[in-house]
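Colleague: I am new to reading protein models. Could we go through one together, feature by feature?

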Amino acid sequence: MSLGVAAVTAVATWQYHRWLPSGRALPGTIVAGRVAPAGAGLGELLEARRERLLDREAYLTLEDGSNIRVSFGELGVELDVARTMASALARAESGSLGARLRRAWVARAGGEEIEAVWALDASRARATLKLIAPRVYRDPVDARLDLDRRERIEDVPGRELDVEGTLENLARAGREETALIAVATRAVPAQVTSAMIAAIDVSQVLASYESDFSRHSEGRDRNIAVAAHYLDGTVLAPGQTMSFNQVVGPRKLERGFTWAPVIVDDELESGVGGGTCQVSSTLHAAALYGGLQIVSRRSHSRPSGYVPLGLDATVVYPEVDLKLRNPYDSPLIIHAFVPRKQILRVELLGRPELGKVSYTYGVARTHDFYRRVTTKSWLGSRILKRQRGHKGYDVFSVVRYELTDGTTRTVNYPSKYFPVPEVFWVGPAFDPFALPDMPAGAEDVVVDGKRVGDSTAALSAPGDQRGG
């Protein structure tokens, strides 16, 4: 071979490998959004690209137009480096020499592009979807009756996240920036449907109870009426457990409640919603007379004047709740209303009376109270008696059912009422030992949080002592 031929051959070989390098993408090819390097560093480029793309944002979209922002990494979506490289290599080496040279020319002009190949880690995606499921969930709304207007309020199904359906949508979705992935959901049926309440005979009264609120403030009157309004028409499906707090909702001014006395740390203070406990207590009493299962109930920290010991049920939103379960095979409707001035009545409609039901209670033990003296700088040398003291009681209750079929049964349960301290507020110049003699049943004096005396009687009830 002559020197000239050898030189031409060498140049041709160099140009061939320059335009069609072996084992690499065509120079200038755009791979996964980035220009492939002329050398052998495509793997490093794609790995760095994979890391960055984990932070790419996507949006899970709901049918109501709302969305939840997530990252590709959280969804288990990432660039598949190996498969993307293989795709680029296959594109460079496939076809005839002429076709490859034409692609090499196009690649150098920036016209050859290899799409990213994506991988989906289904287990990571499921884990993320389960974490966001509570944000997607929507409670169903039970059907109910407006007994005053004789109107039926239709049920509204809720929704819950369909993880596997959403995972299928994710697999088909685009991988561009701010990609949209449709969230698949399933309907959550209401426990009480419109068809269910249509069959209820509201002329049948399973049980009822009345309480008097004539001795209370105007604010309590209003709160009782508002809470009764929210409760009225509630339907309990067979086997359903009802939460008083969920039905009546938060006691807020914008929901119609107002200021009235509530119990806070053994003393009466003004709070929004005071009086709501009379509604829960009246419902509790009606439920006992109707044979409902009492799932959750707490007595007040002190006896209530509107129901006998053991029949009360305190509620504090959202911490302390009254929960009742319908044990029957037919639905019940709660009718809570004010049939006459300052009388609250709760009826359970939809079934005939059980038979004869009696309620009795006894006091197993009493607890002495104490005197609480608190210094208030603004009182000077004056004294203000804030509250009378009362003993505490350990109470046992017995409900006896004599059913129409001749059978009998009893339900027993305890209640605890803590001692109510006698409370004085005094000015800093007042001698606390100049207060009146200790009343019967009081053994201790506590001045500004410090006990005076030797008695070991309990000073207060443990835990949350709020209530309306």
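Colleague: Let me start with a detail. Which residue stands opposite Y393 in strand 26?

Modeller: Y417 does. Keep in mind that this is a predicted model. The general idea comes first. Strands of a sheet pair through backbone hydrogen bonds, either parallel or antiparallel. Now the case here. Strand 25 (residues 392-403) and strand 26 are joined by ten bridges and run antiparallel.

Colleague: What is the order of the strands in that open sheet?

Modeller: The order is 22-25-26, and the pairing is antiparallel. Strand 22 (355-367) and strand 26 (408-417) are the edge strands, each pairing on one side only. From one strand to the next, the twist averages 15 degrees.

Colleague: Let me step back. How many helices and strands does the protein have?

Modeller: The secondary structure comes to ten helices and 29 strands. Of the 468 residues, 46% count as buried. Contacts tell you about the fold too. Take those between residues at least 6 apart in sequence: 74% of them join residues at least 24 apart.

Colleague: What share of the accessible surface belongs to carbon and sulfur atoms?

Modeller: The share is 53%, out of about 23500 Å² for the protein.

Colleague: Now a helix. What span should the twelve residues of helix 2 have?

Modeller: Count 1.5 Å a residue, and helix 2 (residues 42-53) should span 16 Å. Its end C-alpha atoms are 16 Å apart, so the two agree.

Colleague: Which residues of helix 2 are buried?

Modeller: They are L42, G43, L46, R49, R50 and L53. These residues cover an arc of only 125 degrees around the axis, so they sit on the same side of helix 2. An α-helix has 3.6 residues a turn, so residues three or four places apart point the same way.

Colleague: Why is strand 21 described as largely enclosed?

Modeller: Seven of the seven residues of strand 21 (residues 343-349) are buried, so the rest of the structure largely encloses this strand.

Colleague: Which strands pair with strand 21?

Modeller: Strand 13 (residues 205-212) is one of them, joined to strand 21 by seven bridges, antiparallel. Strand 20 (residues 332-340) is another, with six bridges, also antiparallel. On that side, R340 stands opposite I343. Strand 20 and strand 21 form a hairpin with two residues between them. In the turn, Q342 has a positive phi of about 60 degrees.

Colleague: What is the bridge partner of A207 in strand 21?

Modeller: L348 is the partner. A207 has its place in strand 13. At 8% relative accessibility, A207 counts as buried, because the cut-off is under 20%. A207 and A286 are 79 residues apart in sequence, yet 5.8 Å apart in space, C-alpha to C-alpha. Beyond four places in sequence, A207 touches A286, Y289, G290, V346, E347 and L348.

Colleague: E210 lies in strand 13 as well. What does its 28% relative accessibility make it count as?

Modeller: Partly exposed. Leaving aside neighbours within four places in sequence, the contacts of E210 include P339, R340 and I343.

Colleague: Is S71 buried or exposed?

Modeller: S71 counts as buried, at 15% relative accessibility. S71 lies in strand 4 (residues 67-71). Not counting residues up to four places away in sequence, S71 touches L54, D55 and R56.

Technical notes. Residues are numbered from 1 along each chain as its sequence is written. This is a predicted model: local features need pLDDT of at least 70, side-chain atom pairs count only at pLDDT 80 or more; totals for chains, interfaces and linings use all residues. Side-chain values use heavy atoms; hydrogens and water are left out. Helices (H or I, at least four residues) and strands (E, at least two) are DSSP runs, numbered from the N terminus. Buried means under 20% relative accessible area, exposed over 50%, partly exposed in between (1.4 Å probe, protein chains only). Contact means heavy atoms within 4.5 Å. Accessible areas come from the Shrake-Rupley method with a 1.4 Å probe; for residues, only the protein chains shown count as cover. The expected span of a helix is 1.5 Å times one less than its number of residues. The arc is that of the directions from the helix axis to the C-beta atoms. Two strands pair if DSSP finds at least two bridges between them. Axes are lines fitted to C-alpha atoms, for helices over the stretch in contact, and angles run from 0 to 180 degrees between N-to-C directions.
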